[in-house]
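Hi everyone, thanks for coming. Please bring up the sequence and the model on your screens, and I'll walk you through the fold.

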Amino acid sequence: MPYARTADGVRIACQAEGDGSPLVLLAGQANNHHWWDAVRADFGAAHRTVTLDYRGTGDSDKPDEPYSTEVFARDVIAVLDGLGIERAHVYGTSMGGRVAQQLAVRHPERVRGLVLGCTSPGGRHAVERSDDVRRSLARPGAAAGQALRALMYTPAWPAAHAGPSGVLGDPAMPAYARRRHLAASNAHDAWDALPGITAPTLVVHGADDLLNPAANARLLAGRIPGARLHLIPGARHAYFEEFRAVASPLVLDFLAECERGA
């Protein structure tokens, strides 16, 4: 497995597969690259897919120091540099969408097309999850995991897919790193910078997402110049997996259009 070395000396594990134009896939909070396992092949025919284990997850180093979405974005740049990729499409979901915002704002020359999935601008303008959702995730033991699964998928999905899910958190992640990830995601606020994004942007969200309310998608699309918005009816937070038959072609068509217009 290749590693990239960041400017502050942290090793970031990365995974690159396939050929074609590069596409960086960014996972959610406290997750590693396995977040994308179920749908990565959807993009493999057209793109060289690149994933990474955030610092604190997977096979990457896990320093016990403050993390931020800006730091994660710099880690992505280190991965691109290590792989010799000058410019890539970026598809970020959940906290990965917050990292993708930082990439597009701070490193516009590296971002070709931008897809922001089930994410939020952060800060005081964001629409927060309800107190009921917060309480459900704070339950002890297995109850919190059950609540998270219910926020990710419709009731029909777990019944038909009994195996482990790659989007429910990195099980080997140290507790301190989980706290660092949570703090990084909570501190994100790109609102003032969003109008400066120049990459063509698609905003995708499950219309029934309660973990990150779908109202945030409208905020992002209204704040980023020329951004397109697509809400997927009936979908929850893990729309990209459960509703892949809709989401993956939607993203692929958008990225193909970005390339035709380049």
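In β2, A4 finds its bridge partner in I12. This is a predicted model, where local features need pLDDT of at least 70, side-chain atom pairs count only at pLDDT 80 or more, and totals for chains, interfaces and linings use all residues. Residues are numbered from 1 along each chain as its sequence is written, and side-chain values use heavy atoms, with hydrogens and water left out.

β1 and β2 (residues 11-17) pair in the antiparallel sense over 3 bridges; two strands pair if DSSP finds at least two bridges between them. Strands here are DSSP runs of E, at least two residues, and helices are runs of H or I, at least four residues, numbered from the N terminus. The hairpin of β1 and β2 has 5 residues between the strands, and G9 takes a positive phi near 85° there. β2 also pairs with β4 (residues 47-52), antiparallel again, over 4 bridges.

Now the whole sheet. What is the order of the 8 strands? They form an open, mixed sheet, β1-β2-β4-β3-β5-β6-β7-β8. β1 (3-5) and β8 (228-232) stand at the edges with a single partner strand each, so one side of each has no neighbour in the sheet. From one strand to the next, the twist averages 25°.

Inside the sheet, β3 (residues 21-26) and β5 (residues 88-93) run parallel, joined by 4 bridges. L25 stands opposite Y91 in β5. Lying across β3, β5 and β6 (111-117) is α3, at about 145° to β5. Angles run from 0 to 180 degrees between N-to-C directions, and axes are lines fitted to C-alpha atoms, for helices over the stretch in contact.

α3 has a helix partner too. The axes of α2 and α3 come within 8 Å and cross at roughly 70°. They are therefore roughly perpendicular, a term for 65 to 115 degrees.

Last stop, α7. Which of its residues are buried? They are A177, H181, A184 and S185, where buried means under 20% relative accessible area and exposed over 50%, with a 1.4 Å probe and protein chains only. These four cover an arc of only 95° around the axis, which puts them on the same side of α7; the arc is that of the directions from the helix axis to the C-beta atoms. The face turned away from that side carries the exposed R179, N186 and A187. Covering the buried residues are, among others, α2 (69-83) and α3 (95-106).

Definitions and conventions: Contact means heavy atoms within 4.5 Å. Angles under 35 degrees count as roughly parallel, over 145 as roughly antiparallel, 65 to 115 as roughly perpendicular and the rest as oblique.
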